[in-house]
Amino acid sequence: MIRKYVDVICLNDKGGNIRPLFLIWDEEKRVPIKKVKEICPRASLKVGGSGLRYTCVFEPNRIRHLYYDRGKWYVEMNDHVL
Amino acid sequence: MKRTILHCDLNCFFASAEMLYHPEYRNVPMAVSGDRKERHGIILAKNVPAKRRGVRTAETINEALRKCPELILCEPDYETYEYLSMKVRELYYEYTDRIEPFGIDECWLDISESIPYFGSWQSIVFSLLKRVREEIGLTLSIGISFNKVYAKLASDIAKEDDFFKIDSADDISGLPVKGLLGVGEKNDRILKQHGILTIGDAAKQDAAFLHSILGKFGISLYLYANGLDDSPVARFDEPCDPARSISSTSTCARDIRDRDDMKIVLIRLSENVGHRLKEQGLYFDTVHLILRDTDLNVQTMQTKLAENSDLAKEICDRAWELFENDHGLSFPLRSVGVAVSGLSSHKTGSQVSLFSQDERYSLKQKNKETAIEEIRRRFGRDAVFSLRVLEDPELSKIENKNKSYQGR
């Protein structure tokens, strides 16, 4: 597994919360995030890192963790996918 | 009421932080070390595989590599360590507001008044261990006792990601006295000479006797050994103790070979200390010079001023005077340190005539240094410096602030 940093389009709401709306995959593909199921502080022991873990629901009902660590977003990814 | 104090110690903090961000280091011998090229070449922290191979904290990189040639060395990433330390501390604040940091990776927590809200001390301890492991990705050793000294001792005994509790002084009477806070090599040697080997031995001694052999610390040791330490855990909103000294030490990129080299290093170190004094609005009345030769012999000297000052030039001149006196060490020198103490936020001084020669000189120097500080504040520390340090930029390369993180 590796840590893959990604661009994310977010909504910063009036309450100061950050909600990810789209994940930009491979610099061009805009993947919509249907829903954020959970936000919790969590370390990623698989790829390393410590921050906020967003449990996101993508189309079609696929759940993935998106991590926010010191201003950067990343996902856990199998290295053979690259 | 008997207090419940936790001492939370992040295990092999620097090494764990590196392994958190680089999981590939988890199962191989790895250590965080000072910069080899710049000769801050000691092991600051190591992981468990490196420990198994005999690598020790504070030994030189060369020694460590001799024991374990495949040892992976990482340069310290203080920004990450401070970030993680702050996150852990924020988590502690969810349990109590009585938190007293002891270095970057250790904290005392007084949970006496929090227990009713969480049910028991056990639920707090288990919750802390779990949350630090899962949310931050680090592990803790937690010591629990009724005072700070015993809590610290208990955390030293506790295993990684576990806790240990000391209920009374009797529990630890058989442990070596060196385990107590403040008993270093020197004090341990003195105590051994008097047949005091265990905490129980120290507890049986008379306070006056311990004072006679160890000085002021003897009284503290008497209290510690008998479980009588009642120092409170500071609240987070209480002001910290003011600094008692400010220092700047440099292990230069190369040895200091002669008086010219020495002057350059002293100017840079004094400027550093002077800058920090002015940042904090403090004056000093004592200057210390610490020299270390290539055989690691250390010599320290100090001199007291007639009136206090905040001038870098004053620090440099006094340190130079100390150096000019017979210091017993010969060139080449490996490192030099300059420190000031007797700090005060007020200028004190003897009555001098208005515009005497000294006073005029001092005023002129003060104006000059104030102008330099203003330039540095606006354009950065290296925007202005003494021309002399340009003679050898390698020698004058010194960290701005001394951070003592060894052994994390």
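How many residues does helix H6 of chain B have, and how far does the helix reach from its first C-alpha to its last?

## Basis of the model

This is a predicted model, in which local features need pLDDT of at least 70, side-chain atom pairs count only at pLDDT 80 or more, and totals for chains, interfaces and linings use all residues. Residues are numbered from 1 along each chain as its sequence is written, while chains are lettered from A and ligands numbered from 1 in the order in which they are written.

## Helix H6 of chain B

Helix H6 (residues 121–136) of chain B has 16 residues and reaches 21 Å, close to the 22 Å expected at 1.5 Å a residue. Helices are DSSP runs (H or I, at least four residues), numbered from the N terminus; the expected span is 1.5 Å times one less than the number of residues.

The buried residues of H6(B) are B:Ile124, B:Val125, B:Leu128, B:Val132 and B:Ile136. A residue is buried if 20 or more other C-beta atoms, placed from the backbone, lie within 10 Å of its own, and exposed if 12 or fewer do. Seen down the helix axis, these buried residues fall within an arc of 100° (taken from the directions from the axis to the C-beta atoms), so they line one face of H6(B). On the other side, B:Ser123 and B:Lys130 are exposed. B:Gly137 follows H6(B) and has a positive phi, near 90°.

Methods: Helices (H or I, at least four residues) and strands (E, at least two) are DSSP runs, numbered from the N terminus.
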